[in-house]
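Dear colleague,

I am writing to hand over the structure for your studies. Please find it directly below, followed by an account of what was found in it.

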Amino acid sequence: MVDISIADATVEQILANQKGLIAIGAGLAVGLSGIASGIAEKDIGAAAVGAMAEREELFGKGLILTVIPETIVIFGLVVAILLLFL
Amino acid sequence: MLKAKKVSKAVIIGNKKLLHPTVDILHSIQCIHVEDFTEDDSFLRIGKPGEAASKASHKLVKLRSITNFLGIKPTHSDNLQNEDAILNELDAKLEQLDSTVNDLLDRKNVLGNELKNIDDSIFLLEPLSLLPLDLEFYKGYSAITVITGYVQGEISEIEQEIRSITANYELLSSPHDRRNVITLFVPVEHQQQVTDILEKYYFNDIHVPELKGNPGKIMSGMKNRKEDIQLELTSLEDEIADLKGKYMDFILASDEVLSITTEKAEAPLRFATSESTFIIDCWIADDKFHQVEETLETNFNGSVMISKLDAEKEEIESSTIPVEYDNPGLVKPLETIMDLYSRPLYKEIDPSVIIFFTFPLFYGLMLGDIGYGLVLFTLGMVGRAKIKTGGLRPLATLLVYCSITTTIFGVLFAEIFGFHVFGHHSIVAVLFGEHSALGGIFYNFHALPILDRLGKDDIPILLIVSALIGVVHLNLGFILGFRNEAVSHGIKTAVLEKLSWIVLQLGIAIFALAALGYIPVVGMTGGIVISVIGVVMLIAGEGGAAILELPSILSNTLSYTRLAAVGLSSVGIAYAINYIVTNLLFPEGGIFIILGIIVLLIGHTVNTVLGVVAPGLHALRLQYVEFFTKFYHGGGRKFNPFGYNRKYTEVK
């Protein structure tokens, strides 16, 4: 690891550092919200498949219920995009 | 459009003697949806099935078991067979087919059983073949016990332990499959002690088959027989395949004819009858009524009559009225999307036409790429050409619609497989050189893209546009909800439950505009007041729990930012593939160029697959979760016309 003390750092180094932190933040936003969606969807998905096995016409409802937590990761993605591009 | 086809309740009454001819006619015109009659205290009873029913269903069972054995699946057939011709030869052919199939089945079972027995015997004989003994020597002693089986551990150790009990023994052994197979001859009186010793070495008994001779020789004989059986089975499979090819058309056609016969013969079970009349309770589309009336009149000369009850005037629960879509042909594929969720109720708006516009719009906005658009168009067209019937055909058509919007947005975004089409980064200019005639045109063209998803400057605009589309779409939902509520629960409920949301949004919008300085500051107070009015209306309409629902207006609107976000993720993948190939692999030259092309092909194929699935699911979700929840109930019954859609036969 490159040891940068803030006092000695050039402006370029500080900017590069900030860019790196932003990228880490964006990555965390997508990654963590993705994990959250996954955890939420796994239970709903399992239950939906179970329900579909009983009554096949529940596919539509099952799909809707399963994708509801998908919004979490979309928000994460939007936050990441805002971080990276604004 | 926007409403289900108008239907009315009707009753068909006639002389009981004419029941079967009436059923024949109604079955062939496929216009009525029959309501099953259930017996009550009145003098009416359900009808008796025709004589043809039991015979036909008997044959049908036979035919279906043959279909199953031959592995025949329903297919699309272009050449329709004459129903009378099928009926004429049905009995004879079915008998013949049945005996052939039974014969084949018997032979198959016999061979299968023999094969299984041989496999079992080989399994038993294999360890014994390693020991130098013929099979008859394992049995038939009175003073000696023979113990045969597997043990784990050193043979010398076992032998030592046995020797400590008796010197009077014979032990044969051979290693087999990481264990040892042994056979041990000891006097009967030592049997228990020896067994105890063997237990320590995980002894596992082998059953010696009731055969004579050398196990190795018997086994090789069995193996030869096994090969013969497998050959016989293969030729049997060929025979079955031949039979399938020869009789497939006949089987499919007669299945259809028999199904129709059974359906017609059993139809009286759904009707009410008295001593000399029958009554059919049914629903009929208003535009078909006169056709049915005339057909009955010309055929029965007044002995069978149909009369109509007005569904609107009769106080009939909306959910019991069967619903038939009433959409132009172009919109039909979207009905699949509707049915996937739930069919609309008779009195509510059928939003098929709206999602005909919004679904491809959302899809195109998300994918937005000329290259992917053309690939999907080809896929959709090939799908339409290959799939003639069934549930997948509407989806192929839908793919074509979506590919068109994808291409249009691809032009607006000026993207092809994640590359720029126009401007200084144009892929055409890169491939042909920016000073070439063709490359120059693309290099110097700057009117497109309207929004550049590959750069970073336009992305905030894209996000805002997505959210605005969301606002429009949601409010369209509220307006439709207003209409549905007004029809089913009156104008007051509609205002309190649906208009309140629009008022609330209006208040928020005025507040935001004032806060941002676009309108005078007094707007902030005005906005708050209007919002509060909206909330009060909502609470009056839906109760205090509605407060919990308030944040949903924000999350629903923000949910539409996926229109930008999902698109950007697919652009991101395409961009990453292109970057790896053009900036990292191609400059290395040689083998890396081939590698680059492989990466390019695999990467874009994967991205196309993701491109079909992800925008499809998200576009669907925006309809189902955000849009439908604002107005849609669903749960309507399907209008199921009495009759049969013939696929393999016709009536001459």
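In strand β7 of chain B, Val186(B) is the residue that stands opposite Thr145(B). Please bear in mind that the model is a predicted one.

Strand β7(B), residues 179-187, pairs with strand β5(B), residues 144-151, in the antiparallel sense, and 8 bridges connect the two. Strand β6(B), residues 170-176, also runs antiparallel to β7(B), and 7 bridges join them. Together β6(B) and β7(B) form a hairpin, with 2 residues between the strands. One point to examine is Asp177(B) in the turn, which has a positive phi of about 55°.

The axes of α8(B), residues 332-341, and α9(B) come within 9 Å and cross at roughly 100°. The two helices are therefore roughly perpendicular to each other. On the α8(B) side, the contact is made by Leu334(B), Glu335(B), Ile337(B) and Met338(B). Helix α9(B) contributes Ser352(B), Ile355(B), Phe356(B) and Phe359(B).

As to confidence, chain B has a mean pLDDT of 86, and 99% of its residues reach 70 or more. Among the elements of chain B, helix α9(B), residues 352-367, has the highest mean pLDDT, at 92, whereas helix α13(B), residues 437-444, has the lowest, at 75. For the complex, the predictor gives an ipTM of 0.78 and a pTM of 0.77.

Yours sincerely

Note on methods. Residues are numbered from 1 along each chain as its sequence is written. Chains are lettered from A and ligands numbered from 1 in the order in which they are written. This is a predicted model: local features need pLDDT of at least 70, side-chain atom pairs count only at pLDDT 80 or more; totals for chains, interfaces and linings use all residues. pLDDT is the predictor's confidence in each residue, from 0 to 100. Helices (H or I, at least four residues) and strands (E, at least two) are DSSP runs, numbered from the N terminus. Axes are lines fitted to C-alpha atoms, for helices over the stretch in contact, and angles run from 0 to 180 degrees between N-to-C directions. Angles under 35 degrees count as roughly parallel, over 145 as roughly antiparallel, 65 to 115 as roughly perpendicular and the rest as oblique. Two residues are in contact if their C-beta atoms, placed from the backbone, lie within 7 Å. Two strands pair if DSSP finds at least two bridges between them.
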